[in-house]
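Welcome, and please take a moment with the sequence and the 3D view. A short tour of selected features comes after them.

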Amino acid sequence: MNRVAEGAAPRARTRLERADWLADALGLALGEPSSQPLSSRLYHTLREWIQAGRLTSGQRLPSTRQLARELGLGRNTLLAAFDQLLAEGFLATRHGAGTFVADLPFHHVQAPATDGVAPASPPRAGPPWLSSRGTALLAFCHSREGRYSAFVPGVPALDRFPHAEWQRLLRHHQRRMPLDWLDYQAQGGVPALREALADYLSLARSVRCRPEQILIVQGAQQGFELIVRLLSDSGDGVWLEEPGYHGAQACFMAAGLAMTPVPVDGEGMCIDGMSGPRQPRLIYVTPSHQYPSGATMSLARRLALLEVAERHGAWIVEDDYDSEFRYAERPIAALQGLVNDSRVIYVGTFSKVMYPGLRLGYLVLPEALVGPFRRANARLHREGQYAVQAAVAEFIARGHFSRHVRRMRDCYRRRQALLRKALAPARGLRLSDGQAGMHLVAWLDEPEHERILVENAAAQGILLSPLSSYYLNAPGRPGLVLGYAGTVEAEIERAGHWLAQAWCELADA
């Protein structure tokens, strides 16, 4: 039986992806405060990664020239660190081939299992054809009628996706799919994909995980539902950001949880004063790029949140939905990787980086939750799409994934700049800083202005998502959520000019 068809892509291919993300990972490490010289920090960081097995024997490293360019450092700084590692035998050079991690005689130490994690608490207790819960759920179902040409949030640049290469990989794995993939599965996902994700998340997002801790699911929304079913009971408390993501709000409401909105400011979720009777069972947060405000949670807030979760015995649900797309600085390290044995469940998705129709996401689970989540997922949802998962694994291993992300960063940076230029004539229209992500927020002062702009834009085929609808507590702050990633350049100009003119007419009235 062909090993590639089994989903066990050669390990060497997966290692190719590590080199693509090494600059991002080093950027995160060097961004931490330190009094040590940069060359010394580079040396110690790379040596630690080699000893820990994050950089494995035989792996080719980018050239010092390339790393210096991507990190914005002098090449001599890189050469000093590399020369020291070469002298100590951690690296080796091959004439005409480059620099590689040496073939070392020791084995790296796996992270200890988190068997001491506390188990979940014991169980607790419209239209006439719908249940009251179903009626309430529909209030969160903001489905779009028809198609809009501009400003739909959360949609990537589908016109820039490498369809031809993806289709070749998909057809290959569908043709060579082993017979046992047609049966029910309970592995947690194709091993090759979990290995590729573990490599990527460890280096690019500083997530602490092994492949066995990753559970492949059919989208982030299914991941939320699993978390809610297994870790909470009806009536339990959940803290969530205000304003926040509709999908998470709907999931928590449908499960009968008591939702406590927590305000968001420029440093993300503000948990100061959140105490007393509002103790949470779950805490939902988007720390790297808060949705929809765009705030990044500060380190002080992150550490405080981890302490609050530990004190209350709560689980943090970290939704890292579009962390790859940062424009002014390196990607922010994940909350999950800040401490060992944390009470954080990391939720990721391919919907923003590849395309939403793929319906593929993943959870990174603490060790104690892996077995229960894998069994529950196999029972409630059934695992599937193994040929698709294998194709995604090879898409990552061959470097297509990292190249696509880099191209999309450039594309979204240009599209955001074009939107800002189109809206420049709109005097007094305040926009979010746009340091990351796939949308901007236009802050408004008058709820009536929000309503008028949303209604008039719909007649132009333009979707302006009202910011107030993202709040659980009414009335929410007025504004517009402007998705630019999935809108082609010509349409950004047309729709942006229309919005600027419509805003000026409102402001002058």
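Predicted model: local features only at pLDDT ≥ 70, side-chain atom pairs only at ≥ 80, totals over all residues.

- An open sheet is built from 3 strands in the order E1-E3-E2, with antiparallel pairing.
- Strand E1 (60-61) and strand E2 (91-94) are the edge strands, each pairing on one side only.
- E2 and strand E3 (residues 98-101) run antiparallel and are joined by 4 bridges.
- Within E3, Gly 98 is the bridge partner of Arg 94.
- Packing on this sheet is helix H4 (residues 75-88), which touches E1, E2 and E3. The direction of H4 makes about 95° with that of E2.

**The H6 and H12 pair**
- Helix H6 (residues 163-175) and helix H12 (residues 386-397) have axes that come within 8 Å and cross at roughly 130°. Because of that angle, H6 is oblique to H12.
- The crossing of H6 and H12 is right-handed.
- Sorted by class, the contact of H6 with H12 has 9 nonpolar, 3 polar and 1 charged residues.

**Arg 301**
- Arg 301 sits in helix H10 (residues 299-312).
- Is Arg 301 buried or exposed? Its relative accessible area is 12%, so Arg 301 is buried, the cut-off being under 20%.
- Neighbours within four places in sequence aside, Arg 301 is in contact with Asp 265, Glu 267, Gly 268, Met 269 and Cys 270.

Methods: Residues numbered from 1 in each chain as written. Heavy atoms only, no water. Helix = DSSP H or I, 4+ residues; strand = E, 2+ residues; numbered from the N terminus. Buried < 20%, exposed > 50% of the residue type's maximum accessible area, 1.4 Å probe, protein only. Contact = heavy atoms within 4.5 Å. Pairing = 2+ DSSP bridges. Axes fitted to C-alpha atoms, helices over the stretch in contact; angles between N-to-C directions. Parallel < 35°, antiparallel > 145°, perpendicular 65-115°, else oblique. Left-handed = near helix turned anticlockwise from the far one by under 90°. Nonpolar A, V, L, I, M, F, W, Y, C, P; charged D, E, K, R; others polar.
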